[in-house]
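This report covers the fold, the contacts and some backbone details of the structure shown below.

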Amino acid sequence: MEQTAQSKSRYGMVIDLDRCTGCGVCMVACAVENNVAPAEQKATERTGVTWLRVYPVSNGEGFPANDSVFIPMTCQQCGNHTPCVSVCPQNAVEVDPSTGIVGQIPQRCLGCRYCMTACPYHARYFDWWDPQWPEGTEALLNPDVAPRMRGVAEKCNFCHGRLHAARTKAAAAGRKEIAAGDYVPACVESCPSRAIVFGDLADETNEVSRLSRSINTFQFLPKLGTAPKIFYHSAKEWVRKMADRAPLA
Amino acid sequence: MQNATETTAVLIAISEREKRPMNITRRELLTFAGGSILGALFTPIPWKLLDDSAIWTQNWSLIPRLPRGPETFTFTGCTLCPGGCAVKARRVNGHPVSLVGVAGHSLSNGILCPMGIAGHHLAYHPLRLRRPFAFTGKGADSPLVPSTLDEIASNLAPMLKDIRSSSSKGTIAVLDQRPGRVLSDLYRKFVSNFPGGIYAVAPGSEDPTLTTLRALCNTTEGTLGYDLENTRVILSFGAPLVDGWSTPGRTVKLLQNRNQNGLKLIQVEGVQSRTALQADTWLPIMPGTEAALALAIGGVIVRQNLFPAKIEKTSPDFHTYKTLVSKFEPEDVAAVCGIPSSVISETAHALASNPSVVMSGYDPAGGPLDSATETVIAGLNVLLGNIGRTGGISLHPPIPSPGATTSPAVGLAQVPDHSVRLLLIDGAESGHTYPLSLLKRKLTADGGTVVMLSPYLSSRSALADYLVPSPAAFESLEEISTPPGARRSSFALSLPLLKQPDTTVDPATLLAKLAGASGLPSVGAETVESCLRQRAHDIWLSKRGTLATPTGSSQTPVMAMASEEELWKGLSEGGWWVDNMQDKQVNPRLTLLGLMTPDRYDKASAPALDTTGTLKLIPFGWRNATMTASVAPVLSKLFQESHLRSLGGRVHINPSTLAANALSDGAYVKISTHSGNMTAQAVADPSVIPGVIHAIVGPSPNNTASKDRPEAEGILGLCAVRDDGSWRITEATIAKA
């Protein structure tokens, strides 16, 4: 464990927007994995909690020149001047130096929502209601992830429960490093189109590292200098031109 | 110096003041309180109290209790739709906590859809039926009263005996929503005991092109399937190939690997659907002109002799077809359907010069295209010589079965109107929905009696007189038989992951009860498990095919299995059986038009779409998500908490159409058809062709609808159902609500 903590990995993703069919399985897999409760009756797209949200985005042309892509938007795991870390008065947001993952600590969160205001990607969500599952469903929750209470902010943490499980497995096998296949977030695992590639960006031999440097790969809002670790790929120029604005529907 | 008198006075004053009781002023009290608070902040007391109270609140009863216990994995299969994807379930203390696809599975390729990923939550749906119920009257407003299976059977016994005696007006029918199962055989056997008993299959439960092709082939034997793995061009008339068609993993994987396999997808659709977005070519067609396009493509193939020469000799109606397609010149059709004549010609050449298939698709809510259109789409396969060809459409042997079925299967549309006195609706779902009026008109004039097996109180429950709770997904042992369109027959078991409530009813048990109540002999099996064991026995006896292990790592030929128990054990561990029999020979005398007469196609001059007067109302759905009850509550992430999928009650309309009708994005509009009217929210959507109301049939905004009455039918209640059972297009008008 100690050696793993010193490994200085930098986990990230490359999402191929040309492959994404917008099926939404990643959103559901994320909610099931991370015990994100179903919507409260009054919840809307503004107050709902989706650690990963797929936005349909159009090129704005009329029929039939219209074209669309689906953009899975999650915490961009900013690697530089991480805005949510800077503003949190409670130190409830931390960047793990061993993985580069921006983690959220709900126990410290006081619910001020400065982080939500600061996040340029609108990838943070607030628990407006206590989490409630239909009667009987609680027995089906993931035992590795604690549900969050009303009044705290939450966001994607690259399925931290799975990272812990992979670390435990590596330690049990006497390995210092996590094997690549042992740590796969739920959205990556469930994507039917294999549109999401996940891995260690610091490892130049890794596929995700290679793809992040490939042509037609881009990050959102690069001008902010936040160095997101989520990269997107599209051969369509109009899609790449969106990089300078958050793709909110 | 003070004198003695003054000194005495001061002393007396002091003495008097000391005698007075302590009098605390307001100022002194506030000073004390402020000081105490300030001082307390420098002690651990408040911080400890805060911490303790935070911990205390986390032990409230509403805080979810996470499951704890040993972790195990079970291989099973998803039965939410006929796709039958393989599932690996992670279980903690016996409870399934997550479901994922099985990477090595040769049919589903490790892929699950959003409904499947959350399938284990469905058993706890707020609309779950947990005991039999009866409606006290007809209609959606009548309340539900608790009942028992014995009560229902005894209430139905006189009617069943009456139907058996042949004196009854009207007969019994079973509506199977997922034909091809061993349970389907049981249903057929059951209805064959009644004069005129009908075994009907529900709309959407079979592939429409293959169903039509079966009629063109004039064969009842074998199962038709697409050899997509060797196909190079797919011409799809609206089949949702990447969004819930057959086994999703099959087509998604093929399309992912287009760079390697050279597959081209041409999608013909009036909306830029998810499949259209992923297609190599999208042909945005005016809805209702699909037949004209298919005939124009056929015309190019015939005129330029792009078809196999043998077709002219083997198809008895070739010359009729040739005459018909001569009326559909690409230039004329282009003006009608909105697709350039050059593209029509290119499409015809692409189909003729590659192994190809032409298919249509049931929309999960919009249903099939009309039968005349389905015929010419299926007929293109005949013209191209795709039947029995590699990369085309094959006729393969069905799953081994004792063949004891006596009632033929008919589509619901073919059931004579007002002929059904007692209708039994099966609880399995095809993932598709249909207007209730399609069912209603099959019932006798008095409304008949409807017994509905279902895990949930769904919109269809409005028609039921008796509701019998069947097991939900992953609650009971079920079968996964050949998915529609599959290349080979296959069979697997869906093993239960959850405890089945004692009050739910096994469909085979219901049949046995009804048989007993009506004095019938046994239908052969008392439980679904006994039916499934019989099927495994039949497969073992046939010595056909191989059994793959759950992860797909190895395969064992059935021929090499010493006993049927060995096969059953393998299936019970999550293995799956795939047939390896040679394809059957197809009847060489294939017709191109079947029973359709050419006068059905004199529509090359269909009127151009109107954007201000009468519009085309087209219902649209997503497989398994057309009803509130069929969607796990956590799918609110897609429907309610984001804009990824539209909720029911919304209509997508092109911005130009909205503007022409003085409406705006987000406005509430009144949609009127001959069947009635309803209010819906308009969504300006440039991906929808102008002149069309693309009406979403989906779940309600929340999943906690009242249990006393089923949800309203919504947009499907406005659709006009034609004689051929299709309801894809209905004329409608819109106005501001």
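Two residues are in contact if their C-beta atoms, placed from the backbone, lie within 7 Å. The model discussed here is predicted.

**A buried cysteine in chain B**

By that definition, and leaving aside neighbours within four places in sequence, B:Cys78 is in contact with B:Gly84, B:Cys85, B:Val87, B:Leu112, B:Gly116 and B:Gly119. B:Cys78 sits in the loop between strand 1 (71-77) and strand 2 (86-92) of chain B. Is B:Cys78 buried or exposed? A residue is buried if 20 or more other C-beta atoms lie within 10 Å of its own; B:Cys78 has 27 other C-beta atoms within 10 Å and is therefore buried. B:Leu495 is 417 residues away from B:Cys78 in sequence, but the two C-alpha atoms are 9.1 Å apart in space.

**Chain B as a whole**

Chain B has 737 residues, of which 55% count as buried. Its secondary structure comprises 22 helices and 28 strands. Along the principal axes, the C-alpha atoms of chain B fill a box of roughly 150 × 65 × 55 Å. Of the contacts in chain B between residues at least 6 apart in sequence, 76% join residues at least 24 apart.

The domain assignment divides chain B into domain 1 (26-65), domain 2 (71-124), domain 3 (133-204 + 402-578), domain 4 (223-396) and domain 5 (605-736). Domain 3 of chain B and domain 4 of chain B have C-alpha centres 33 Å apart. Their contact takes 14 residues from domain 3 of chain B and 15 residues from domain 4 of chain B. On the side of domain 3 of chain B that touches domain 4 of chain B there are 5 nonpolar, 7 polar and 2 charged residues.

One helix pair in chain B can be described in detail. The axes of helix 6 (residues 182-191) of chain B and helix 19 (residues 528-542) of chain B come within 9 Å and cross at roughly 110 degrees. Helix 6 of chain B is therefore roughly perpendicular to helix 19 of chain B. Helix 6 of chain B contributes B:Val182, B:Leu183 and B:Leu186, which meet B:Val528, B:Cys531, B:Leu532, B:Gln534 and B:Arg535 in helix 19 of chain B. By class, the residues of this contact are 6 nonpolar, 1 polar and 1 charged.

**Where the chains meet**

How many residues of chain B are in contact with chain A? There are 54 of them, and they touch 49 residues of chain A. On the chain B side, the elements that give two or more residues are strand 3 (95-101), helix 4 (114-117), helix 8 (248-256), helix 10 (274-278) and helix 21 (636-639) of chain B. Strand 3 of chain B supplies the largest share, 5 residues. The side of chain B that touches chain A has 30 nonpolar, 17 polar and 7 charged residues.

**Strands of chain A**

In chain A, 4 strands form an open sheet with mixed pairing, in the order 8-1-10-9. Strand 8 (196-200) and strand 9 (217-218) of chain A stand at the edges; each has a single partner strand, so one side of each is left without a neighbour in the sheet. Strand 9 of chain A pairs with strand 10 (residues 230-233) of chain A in the antiparallel sense, over 2 bridges. There, A:Thr217 stands opposite A:His233.

Strand 2 (residues 52-58) and strand 3 of chain A also run antiparallel, joined by 7 bridges. A:Val57 has A:Val69 in strand 3 of chain A as its bridge partner. Strand 3 (residues 68-74) of chain A is mostly covered, with 6 of its 7 residues buried. The loop between strand 2 and strand 3 of chain A holds A:Pro64, which is joined to A:Phe63 by a cis peptide bond with omega of about 0 degrees.

**Positive phi values**

| Residue | Phi | Loop |
|---|---|---|
| B:Ser246 | about 45 degrees | between strand 9 (233-237) and helix 8 of chain B |

A:Arg194 is partly exposed, with 14 other C-beta atoms within 10 Å. B:Ser246 has 25 C-beta neighbours inside 10 Å and so counts as buried.

Note on methods
Residues numbered from 1 in each chain as written. Chains lettered and ligands numbered in written order. Predicted model: local features only at pLDDT ≥ 70, side-chain atom pairs only at ≥ 80, totals over all residues. Pairing = 2+ DSSP bridges. Buried ≥ 20, exposed ≤ 12 C-beta atoms within 10 Å, placed from the backbone. Nonpolar A, V, L, I, M, F, W, Y, C, P; charged D, E, K, R; others polar. Axes fitted to C-alpha atoms, helices over the stretch in contact; angles between N-to-C directions. Parallel < 35°, antiparallel > 145°, perpendicular 65-115°, else oblique. Domains from an automatic or database assignment.
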